[in-house]
Amino acid sequence: MTTDPLRRADRQEISDLLIEYCRALDLMDLPAIARVFTEDCEVEYGPEDRLRSRGAAGVAKSLERMWRWARTSHHLSNIQIAFEGSDRARAVSYVLAWHERPDGSTATVMGQYHDELMRGQNGWRIARRRMEMNGSDAGFTVNLHRTRRQKPPAGWVAPNIDGPVKADVSKTGRK
Amino acid sequence: MTTDPLRRADRQEISDLLIEYCRALDLMDLPAIARVFTEDCEVEYGPEDRLRSRGAAGVAKSLERMWRWARTSHHLSNIQIAFEGSDRARAVSYVLAWHERPDGSTATVMGQYHDELMRGQNGWRIARRRMEMNGSDAGFTVNLHRTRRQKPPAGWVAPNIDGPVKADVSKTGRK
Amino acid sequence: MTTDPLRRADRQEISDLLIEYCRALDLMDLPAIARVFTEDCEVEYGPEDRLRSRGAAGVAKSLERMWRWARTSHHLSNIQIAFEGSDRARAVSYVLAWHERPDGSTATVMGQYHDELMRGQNGWRIARRRMEMNGSDAGFTVNLHRTRRQKPPAGWVAPNIDGPVKADVSKTGRK
């Protein structure tokens, strides 16, 4: 039906969907969260059973856990979308998720959503979501999947890049 | 005039406008800030009179207050746009706003801009802006509107989701 | 060849390219980083020689320095793109870059990438990149270029905008 090789309408709808998840989560609007996922979706935030859930209603139910925070803010960016046929897509996005406990202490996690999306009669929905954690502050203690980063080759030595230029210091013979 | 049901050109222009506000604010380019708003705009960051202003020149003038910070950085994301007729639109976006005082202390606020936009002879401009605060760190003390989040039902109990799996701990009988 | 005055396809490709840099950097996928830049690119993160590099391979090589961090997360937003002819463009984007050392200490920098892009036979690539720093936390010690912010006029006085409304306090004659 579309003649747009860039699939603009699909990109717009998927981007809005990913953002809607964040908005609904920060409002704890559980019915709106459920509408983001397919009926038979699979969502996995970490390797433990307690961090996996299935089905739109199941995901929304599991996210009741976010009420243990008093406030949250989920900032979504770095959205990349690739299509696999007319009704399937993959998306990777970044999230910076800030959480505050009732006692005022906070936890921030920075990570990636790796999503598989399907288009059905209700439009695009998330069929599979896997979260990976790039990093977090000390306050965040949930055991999320970790992003696998390439390691330096054996013998790699860190260059002098931080702070004042040490060459100048050595010229003076002082610390 | 346009035959694009997605209104791509309008979305692009509005997105650029919202970003331009951040860029101009971080540079303290007050004339550029004024150009983002309509002549008769209404802007409200919080419930107090001192956090409301009117008119493009008035908003730019009020934002002179940002000079009490030595440096700022406004990161905009989660942009959602909906159109109401050919020359009106609503946008919701997220901002992570970092501020540093001359003494080096910092304040970060995470929030949402809820905007009404109008298209006039100079293109799209913000006609009404209301900021809501999702959260902030302890350093931020401005009395912004707070995002209204749904509360848990009575009797809701937080699940065990943080830290090590407690089932394993209980098996050993140790803390 | 294109009849799209908005240059949607070019914007999409450039946006994906800028995001790809962040993704590849957080994975320390150095070949993928090299593919983001032109063969004769010039990249400058700060005023010192050790913060400048040339050529796609040279940039990727220089970014081996990121291995002194154990984990990183680069959140890209505020992308603005302007075209200069069919095969040249400029982009400004914001980045919030979080870094963690092997000892668990962290460093966060908030800044802007100012890019010149060229389209060659391999599509759009970054030909020149200059990073500017809007701000950073105390843990970040690399000497990046600083964003030049306009200064307040002489005699400017900060308004009362933080904390409780002091007018109410003065009415009572108390501190």
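Chain C and chain B bury about 3000 Å² between them, with carbon and sulfur atoms giving 53% of that area. Buried area here is the accessible area, taken with a 1.4 Å probe, that two parts lose on being put together, summed over both. On the chain C side, C:Gln80, C:Arg149 and C:Ile161 lose the most area to chain B, together 25% of what that side buries.

A word on the ground rules: this is a predicted model, where local features need pLDDT of at least 70 and side-chain atom pairs count only at pLDDT 80 or more, while totals for chains, interfaces and linings use all residues. Residues are numbered from 1 along each chain as its sequence is written, chains are lettered from A and ligands numbered from 1 in the order in which they are written, and side-chain values use heavy atoms, with hydrogens and water left out.

Back to chains C and B. Counting contacts (heavy atoms within 4.5 Å), 32 residues of chain C meet 33 residues of chain B. There is one salt bridge between these two chains, where a salt bridge is a side-chain nitrogen of Lys or Arg within 4 Å of a carboxyl oxygen of Asp or Glu. The partners are C:Asp162 and B:Arg68, at 2.7 Å from N to O.

Which elements of chain C give two or more residues to the side that touches chain B? They are helix 1 (8–27), strand 3, strand 4 (88–100) and strand 6 (123–136). Helices (H or I, at least four residues) and strands (E, at least two) are DSSP runs, numbered from the N terminus. Sorted by class, that side has 15 nonpolar, 10 polar and seven charged residues.

Now zoom in on C:Gln80, which sits in strand 3 (residues 71–83) of chain C. It is buried, with a relative accessible area of 16%; buried means under 20%, exposed over 50%, and partly exposed in between (1.4 Å probe, protein chains only). Leaving out residues up to four places away in sequence, C:Gln80 touches B:Asp16, B:Ile19, B:Glu20 and B:Arg23, along with C:Arg90, C:Ala91 and C:Val92.

Over in chain B, helix 1 (residues 8–27) has 20 residues and reaches 28 Å from its first C-alpha to its last, close to the 28 Å expected at 1.5 Å a residue. The expected span is 1.5 Å times one less than the number of residues. This helix is mostly covered, with 15 of its 20 residues buried. Just past its end, B:Met28 takes a positive phi of about 55°.

Finally, look at chain A. Helix 1 of chain A is mostly covered too, with 16 of its 20 residues buried, and A:Met28, just after that helix, has a positive phi of about 55°. Chain A and chain C bury about 3000 Å² between them, 53% of it on carbon and sulfur atoms. In chain A, A:Gln80, A:Arg149 and A:Ile161 lose the most area to chain C, together 25% of what that side buries. One salt bridge is counted between chain A and chain C: C:Arg68 pairs with A:Asp162, the closest N and O atoms being 2.7 Å apart.

Notes. Ala, Val, Leu, Ile, Met, Phe, Trp, Tyr, Cys and Pro count as nonpolar, Asp, Glu, Lys and Arg as charged, and the others, Gly among them, as polar.
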